[in-house]
Structures are given as C-alpha cells and as structure tokens.
Amino acid sequence: MLSTAANLIKKLACKHDLSDAELLTLITSTEPDINKLLACEADKLRRKYYGDKVYIRGLIEFTNYCKNNCYYCGIRAGNSCAERYRLTQEEILACCAEGYRLGFRTFVLQGGEDAYYTDDKICAIVSAIRKQHPDCAITLSIGEKSRAGYQAYFDAGANRYLLRHETADAEHYAKLHPDCMSLENRKRCLFDLKEIGYQVGSGFMVGSPYQTPQNLVSDLRFLQKLQPDMIGIGPYITHEHTPFKDMASGTLEQTLRLLSILRLLFPYALLPSTTALGTIHPNGRELGLQAGGNVVMPNLSPIGVRKKYELYANKICTGEEAAQCRGCLEARVKTAGYNIVTDRGDVCRTLDNSEGEKL
C-alpha cells in the first residue's frame, strides 16, 4: 500500500496540482525516501518535455553595484567591504564572443540595480550583442525597472528577463527587505514583463530567514498565477557582511524537494540547477538535474571580477576560465545522465516540440 506522500506524488504527477493542505504535507513530510520518489517522477516528466537535454546559459555578472539593501544579499549597498566593479560594453561583448565560441547561444546579463547603467546604456549593450550574435537569446537580470525601460530593452533585442520574487508573502517580504522596497512593485514588474512579451523567469529562496512552509505554498500559488517560463530557486546561503550573518542557510534536501515539486507543477518549465546548489554540496548541481532541473548557468565573467560578485559566501567556480568551466560542467552533466546541447533552449509548453512555444 502506498504511503500518504507517495499517493500525493502520484496525484501531483498526473494532475500537476494539489490543494494547499496537500502541498503543505509534501513540503513538510518526514517520510523516508520522499525526495527519491519526487525526483523519479520529476525526471520522467522533464524527459517527456525535454528528453535528456540540458541547456546552458552564459552568465555575465557585469556590475556588483546595487542601490538596494536587501538584508540577505552580499552586494547590498550597505556592505562597505564589497569591492565594487563595472564591466564596459567592450568587456561584455568580449565575454559573449568567447561564450559563442564555446557553444553558448544564450547570454544572461546579471547585475545589481546600478544607476550608472541607464536605460540608454542597457539598450546600447543589448543592441550590440544582438548585432554581434543575431542567433542568440539575450536575457537580462537587472532588477526592478519602469515598464518603459523594460519595453526599451525588449525593442533593443532582449528576449528574456529574470526577476525572482524571493517570497510571495508580503509580511515575509518585509522581513527580508527595507521599507523602501515592496512586494507589490516586484509583482508589477513581473506582470509588465509578461505583457511586453518577454520569456519571464521568477523564483524564490529556499530556507530564507523567517520562512515558513506556508510561505512556500504561497510561492507556488503565485507562480501558478504568473505562469513563468523559467523558475529559479536555490538555497538561501548566509553572507557574513549582511544583517543575516548569524542566520542558518537553507538545506540541499529541502531545495531538491521544492525543485521536484516545481517540475511536477510546471511540466514545461525551464528549471535551473543553480550554482548555489553546487556551493552547498559538491554534487549539488548534478542532484538538481536529477530532481527535475534542465538548465545550468556557467560563468562567462572575467576571472578578475568573479569573486567580487558575491551574493552569498563560498561561491564556486570563481577561479576557472570560461573554457574550463564549460568543460567541467559538460562532464558533470554527462555523469548525472544528461547531455548539454548547443541551443537557445526556448521554453516548450507542449509535448510536441514542433508546436512548442518558441518565444
């Protein structure tokens, strides 16, 4: 006879939804092997939609200046110990050229909310990448902007935008951010991006300070409302130069569980197996792929700045050349039972790839 958790997993794999109480049961269950059962069903579903393909995104962390003071983040404005940097347009284009040579067909420009990079500067960078690599997808991850700004980036050639909501509960959000920031505005940004036509990515931290299992259910419900193309989650990892320096980090086990639940809720989704997973466990990224992930985001940033973009402590792959990072990751992905492909890796919302939503 199947256990309660096993029955819920079968139901979730079939219907791609559960009640709040059922989701809470899965999230908090202490039944043995629940993560293995979830990962098994999640892997079956990701293979239905994407086979054994793992898509690579070339991450370019182009500025660690940020106007915000999020309590959990190592590049927060209030961290006077951070060594700040900005990449020039030429340096960014050089990263893209190297990435293209290594087989990357998606570039992710990620940075803090840095006022130096005006809308015009971002548009110029995006336009230059689009001209240099017309067959590639361009993703931005630069925080909360005006709708007009988002539209301008899109018109310049950006295809995708990543903006994690971090937590969908307003009370919890207020415990993680200063008063000048609001969950309402974060959500406004996400829906603006969808309406403009971006492929949109959102997500949340697992095990962040003051997080409850009910908060996680709220996160899942918000994502069901948003229906993003990509969902990025990772364990919260403590940074010594933040107000949360004495808080416990999130766990590998809980993050893998949520990753599998997300695959079963959103069969079509692009789910990264994050660097943060690799930071808290030597085989974290491989385990993330086996739990339902199908995207990895190796770093194309110049080695000289990688350690400076420290959102959390002990970040991995800060000393590898781009080619080393690419080769190492390919071997790791193969060991996990999957294959890296040279592809833009657009979202596929149907089982028939020929009819998939290629945005």
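**Figure 1. A salt bridge joins Lys11 and Glu22.** The closest N and O atoms of Lys11 and Glu22 are 2.9 Å apart; a salt bridge here is a side-chain nitrogen of Lys or Arg within 4 Å of a carboxyl oxygen of Asp or Glu. Lys11 belongs to helix H1 (residues 4-15) and Glu22 to helix H2 (residues 20-28), so the pair ties together parts that are eleven residues apart in sequence. Helices (H or I, at least four residues) and strands (E, at least two) are DSSP runs, numbered from the N terminus. Lys11 is partly exposed, because its relative accessibility is 34%. Buried means under 20% relative accessible area, exposed over 50%, and partly exposed in between (1.4 Å probe, protein chains only). This is a predicted model in which local features need pLDDT of at least 70 and side-chain atom pairs count only at pLDDT 80 or more, while totals for chains, interfaces and linings use all residues. Residues are numbered from 1 along each chain as its sequence is written, and side-chain values use heavy atoms, with hydrogens and water left out.

**Figure 2. Further salt bridges include those of Asp17 with Arg221 and of Lys315 with Glu61.** Side chains of opposite charge can pair when their charged atoms come close. The structure contains 22 salt bridges. Between Asp17 and Arg221 the N to O distance is 3.0 Å. Asp17 sits in the loop between H1 and H2 and Arg221 in helix H9 (residues 213-226), so this pair ties together parts that are 204 residues apart in sequence. Asp17 is partly exposed at 34% relative accessibility, and Arg221 is partly exposed at 24%. In the pair of Lys315 and Glu61, the closest N and O atoms are 2.7 Å apart. Lys315 is in the loop between helix H13 (303-306) and helix H14 (322-336), and Glu61 is in strand E2 (residues 58-63), 254 residues apart. Both Lys315 and Glu61 are buried.

**Figure 3. Strand E4 pairs with strand E3 and with strand E5.** Strands of a sheet pair through backbone hydrogen bonds, either parallel or antiparallel. Two strands count as paired if DSSP finds at least two bridges between them. E3 (residues 106-111) and E4 run parallel and are joined by five bridges; Thr106 is opposite Ala137 of E4. From E3 the chain passes through helix H5 (residues 119-132) to E4 in a right-handed β-α-β crossover. Right-handed means that, with the strands pointing away from the viewer, the path from the first strand over the helix to the second runs clockwise. E4 and E5 (residues 160-162) are also parallel, with two bridges, and Thr139 has Arg160 as its bridge partner in E5. Helix H6 (residues 147-156) lies on the path from E4 to E5, and this β-α-β crossover is right-handed. Five of the five residues of E4 (residues 137-141) are buried, so the strand is largely enclosed by the rest of the structure. Ala137, Thr139 and Ser141 point one way from E4, whereas Ile138 and Leu140 point the other way.

**Figure 4. Helices H1 and H10 pack against each other.** The axes of H1 and H10 (residues 252-265) are 7 Å apart, at an angle of about 40°. Axes are lines fitted to C-alpha atoms, for helices over the stretch in contact, and angles run from 0 to 180 degrees between N-to-C directions. The two helices are therefore oblique to each other. Angles under 35 degrees count as roughly parallel, over 145 as roughly antiparallel, 65 to 115 as roughly perpendicular and the rest as oblique. Ile9, Leu12 and Ala13 of H1 make the contact with Ile261, Leu264 and Leu265 of H10, contact meaning heavy atoms within 4.5 Å.

**Figure 5. Three strands form an open sheet in the order E8-E1-E9.** The pairing in this sheet is parallel. Strands E8 (295-296) and E9 (339-341) stand at the edges with a single partner strand each, so one side of each is left without a neighbour in the sheet. E1 (residues 53-56) and E8 are paired over two bridges, and Ile56 has Val296 as its bridge partner in E8. Helix H14 packs on the sheet and touches E1, E8 and E9. The direction of H14 makes about 135° with that of E9.
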